[in-house]
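Dear colleague,

My findings follow directly after it.

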Amino acid sequence: MLEASIDQLQQVAERPWQEVPEAVKDGYVIQATGQGAAEMVNRITNEVLPYHGGNIHPRFWGWVQGTGLASDLIAGMAGAVINANTGGRDHGANYMERAVIDWTREKMGMPEGSSGVLVAGTSQATVIAFQAARVRVMPEVRKFGQGSAQLTAYAGEGIHNATRKALELMGIGFENLRLVPLVDGQMDLAALRQQVAQDRAAGAKPFLLVGMAGSVDLGTYDDLNGLADAAAEEDLWLHVDGAFGAWTRIADEPWRSLSDGIGRAGSIALDFHKWMYVGYDCGMVLIADEPAHRAAFAARPSYLEAAERGLAGGDPWFCDYGIDLSRGNRALKVWTALEMYGEEAFGAAISDNCRMASLMAAEVEARPNMRLAASVVSNVCVFTARADLSAEAQSVLNSEIAQALQESGEAVFSTTRAQGVVMLRAAITNHRTREQDITDAIAAVAELAARQV
Ligand SMILES: *Cc1c(COP(=O)(O)O)cnc(C)c1O
């Protein structure tokens with residue numbers, strides 16, 4: 001299995017996404033009798049390894065997905081044999097998780113003493129952060145629920161729907177998420193203040209401001225310092241959705257400054273499985289006010305009581321900072337990646353991804369009929385293959401090009417709607433991408449686009 005796994009990594013460029021044949025899907029049905037380890041190695045090599053989601057390929061830029069690292073293979077083996085449950089107690093994985101949280105906290109510029117926890121991803125991190133924010137303004141909410149209070153939250157238009165989902169789950173309701181208009185891709189702070197005042201006058205309880213560090217559509221950033229000032233003045237909890245974009249903190253200029261001010265947030269949600277390339281799944285929530293974080297989640301029945309010594313020792317216990325009691329060992333793969341490659345390699349790869357997005361933009365602009373939706377800010381490039389056609393025809397063509405290139409294995413773009421047109425979108429969070437991949441992919445788009453008369 002190890003040899004087949006290494007082959008997979010070495011030949012990753014020759015193994016793009018492919019459709020799963022019906023026979024393979026049918027073969028996944030669970031058999032009544034065990035087949036033994038040797039047969040499983042054989043079956044996994046033939047029935048599992050070829051049918052991945054494509055995101056490990058050098059020309060995959062769809063949605064925002066990470067590529068995985070060779071270090072995951074090393075960490076995965078060790079992680080499997082120690083089978084750590086990191087909900088609490090006194091063992092190595094928990095010390096390692098604290099080290100990972102502390103490293104991240106420092107990179108983000110959050111104050112010492114901030115707390116954090118590794119989670120499945122930004123979606124879960126968002127729920128945890130919002131609950132801490134709510135408990136801060138309604139200390140009794142864990143006992144009695146929210147009752148008839150109307151809490152309101154604020155985010156710029158284009159915020160990822162993880163914010164909306166979290167508010168729905170918490171019983172706050174998405175109508176109480178005010179979408180503030182953007183000016184030049186950033187939240188209009190005057191409009192924000194106006195909306196907050198209006199809600200207060202109407203008897204609502206504004207509690208949460210959500211900033212964007214890396215929007216899904218165009219990779220844009222709110223003015224996070226401006227948001228931090230507004231949050232302080234209005235007594236709102238500032239949460240930053242930095243799922244991928246928070247990581248420009250470790251990139252070169254000019255990209256680093258995009259996330260300036262992020263360390264002033266009350267909470268940050270971010271992912272290691274996107275722009276830190278670490279294998280799925282792994283996200284983190286960081287919370288500046290540790291007591292608020294603990295107050296929102298700590299609750300231990302007597303069978304889980306901590307002890308001064310022995311296995312039941314160790315403090316803090318991560319089950320007091322999130323939703324899960326039993327938890328896997330996510331820290332190990334992050335720690336292994338950082339220790340194996342060094343943090344500079346990550347900063348360089350992130351900067352390089354931004355350069356690749358700019359190169360893609362230049363390739364687009366060099367072709368007379370292609371057009372960018374907007375200039376590239378970070379790692380996201382959105383464009384139409386044929387600006388000379390009607391909006392309707394462009395949408396059909398761009399969608400067809402995306403599908404054709406996915407099916408041929410040449411490149412993976414996703415699509416998004418900009419200026420009323422379905423456009424091709426590349427979000428480059430791929431450390432395997434090289435210049436040639438970008439130039440070849442745009443040439444392939446141009447060739448398909450030219451066939452449309
Ligand atoms: C991916 C993403 C999310 C959701 O994160 P998951 O890790 O998929 O749960 C939230 N916000 C932004 C900006 C994202 O890109």
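How far does a backbone N or O atom of threonine 122 lie from an oxygen atom of the ligand? In this predicted model, the separation is 3.0 Å. Taken alone, the ligand exposes 380 Å², of which the protein buries 85%.

For aspartate 271, a side-chain N or O atom is 2.7 Å from a ligand oxygen; for lysine 274, a polar side-chain atom lies 2.9 Å from an oxygen atom of the ligand. Both residues are among those that come nearest, together with Ser123, Asp241 and His273, out of 13 residues around the ligand. By class, this shell comprises four nonpolar, six polar and three charged residues.

The second topic is helix H11, which spans residues 290-297 and has Ala292, His293, Ala296 and Phe297 buried. These residues lie on the same side of H11, because they cover an arc of only 115° around the axis. The elements against which they pack are strands S1 (115-119), S7 (237-241) and S9 (283-287), as well as helices H6 (122-137) and H7 (141-144).

Within H11, histidine 293 deserves a separate note. Histidine 293 counts as buried because its relative accessibility is 0%, where the cut-off is under 20%. A polar atom of its side chain lies 2.7 Å from the backbone oxygen of tyrosine 321. Beyond its neighbours within four places in sequence, histidine 293 is in contact with several residues, including Ser115, Val117, Ile128, Ala132, Val285 and Asp320.

Yours sincerely

Conventions: Residues numbered from 1 in each chain as written. Predicted model: local features only at pLDDT ≥ 70, side-chain atom pairs only at ≥ 80, totals over all residues. Heavy atoms only, no water. Near = heavy atom within 4 Å. Polar contact = N/O pair within 3.5 Å; in protein donor to acceptor, adjacent residues only side chain to side chain. Areas by Shrake-Rupley, 256 points an atom, 1.4 Å probe, with all protein chains shown as cover. Nonpolar A, V, L, I, M, F, W, Y, C, P; charged D, E, K, R; others polar. Buried < 20%, exposed > 50% of the residue type's maximum accessible area, 1.4 Å probe, protein only. Helix = DSSP H or I, 4+ residues; strand = E, 2+ residues; numbered from the N terminus. Arc of directions from axis to C-beta. Contact = heavy atoms within 4.5 Å.
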